[in-house]
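Please read them alongside the coordinates.

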Amino acid sequence: MANGAYVIAEGHYLIGMITYSRTGADKQGGQDIYRAGDTLAADARYLRSWTPELTTVFSLSYQTQGKSESLSQGGVLNSELANSNNNVWEALVNTSWRYSSTFSYLLMAGYKQVLANGYSPGDSLYDGGRIRAFVEPGVTWRFNPVAYVTLKGRYSYLQDKQDAFAAQDTAYHVFNLDAALVFNY
């Protein structure tokens, strides 16, 4: 993992992170039987303090994963013929406005796309990917120095792309309401 931050100017910050992950093989009876593909992810964030009360974070991330390996008839790990792992990219905007010492308003919006994997449509391992877009308004009420309540609503649009298990794209509309009571100690 490597990360860093750069102060562009007062109230302007750029933050970046790159991670690489390689896992060991799953074993059965002492023999390697499966190993997930290596993962590489990158994340860039721009934090902007417009005023002491208003802050926005813009985020863009991408993740890719290599081919996985499984046990062949010859008793060794071999890479799959095509990549069954999906690549993913995501964009987020998160804004917080401190209205007073007691109330803050929150707004987050995002878009995520899981791209189709490396198999061809019609193959039993094909995954067509999916998209998700959401908007999440909320409010935080700090009722004493060590406790606060957060209330958030979220609307999400999800679309699963056609794959080996679904003959057509399927879309969903999801509504969530979250409440939290937080105590700091």
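1. Is Glu-90 buried or exposed? Glu-90 counts as buried, at 18% relative accessibility. The classes used here are buried for under 20% relative accessible area, exposed for over 50%, and partly exposed in between, with a 1.4 Å probe and protein chains only.

2. On provenance, this is a predicted model, in which local features need pLDDT of at least 70 and side-chain atom pairs count only at pLDDT 80 or more, while totals for chains, interfaces and linings use all residues. Residues are numbered from 1 along each chain as its sequence is written, and side-chain values use heavy atoms, with hydrogens and water left out.

3. Overall make-up. The protein chain has 13 strands and 0 helices; both kinds of element are DSSP runs numbered from the N terminus, helices being H or I with at least four residues and strands being E with at least two. The radius of gyration is 22 Å, well over the 16 Å that the globule rule gives for 185 residues, so the chain is more spread out than a compact globule. That radius is taken over C-alpha atoms, and the rule is 2.2 Å times the number of residues to the power 0.38. Along its principal axes the C-alpha trace spans about 65 × 40 × 35 Å.

4. Of the 185 residues, 22% count as buried. The chain exposes about 12,100 Å², and carbon and sulfur atoms supply 58% of that area. Accessible areas come from the Shrake-Rupley method with a 1.4 Å probe, and for residues only the protein chains shown count as cover. Among contacts with a separation of 6 or more, 48% are between residues 24 or more positions apart; contact means heavy atoms within 4.5 Å.

5. Strands count as paired if DSSP finds at least two bridges between them. Strand S6 (residues 54-65) runs antiparallel to S9, joined by 10 bridges, and Ser-59 has Leu-92 in S9 as its bridge partner. S9 in turn pairs with S10 in the antiparallel sense over 11 bridges, where Leu-92 is partnered by Gly-110. A hairpin of 4 residues joins S9 to S10.

6. Strand pairing, S10 to S12. S10 and S11 run antiparallel and are joined by 12 bridges; Val-114 stands opposite Arg-130 in S11. S11 also pairs with strand S12 (residues 147-160), antiparallel and over 12 bridges, with Ile-131 opposite Gln-159. The hairpin between S11 and S12 has 2 residues.

7. Gln-159. This residue of strand S12 is buried, with a relative accessible area of 16%. Leaving aside neighbours within four places in sequence, Gln-159 is in contact with Gly-129, Arg-130, Ile-131, Asp-169, Thr-170 and Ala-171.

8. The whole structure holds 10 salt bridges, each defined as a side-chain nitrogen of Lys or Arg within 4 Å of a carboxyl oxygen of Asp or Glu. Glu-90 and Arg-132 form one of them, at 3.4 Å from N to O. Glu-90 lies in strand S9 (residues 88-98) and Arg-132 in strand S11, so the pair ties together parts that are 42 residues apart in sequence. Arg-132 is partly exposed, at 24% relative accessible area. Asp-160 and Arg-130 also meet in a salt bridge, at 3.1 Å from N to O. That pair links Asp-160 in strand S12 to Arg-130 in strand S11, 30 residues apart. Asp-160 is partly exposed at 29%, and Arg-130 is partly exposed at 29%.

9. Lys-27 pairs with Asp-32, the closest N and O atoms being 2.5 Å apart. Lys-27 is exposed, at 56% relative accessible area, whereas Asp-32 is partly exposed at 28%.

10. Nonpolar patch. Which residues make the nonpolar surface patch of about 840 Å²? They are Trp-97, Tyr-99, Phe-103, Tyr-105, Trp-141, Phe-143, Leu-181 and Phe-183. Patches are made of residues with over 30% relative accessible area and no salt bridge, with like charges joined within 9 Å and nonpolar side chains (Val, Leu, Ile, Met, Phe, Trp, Tyr) within 5 Å. Strands S10 (103-114), S11 (130-144) and S13 (170-183) each supply at least two residues of the patch. Phe-143, in strand S11, counts as partly exposed at 33% relative accessibility.
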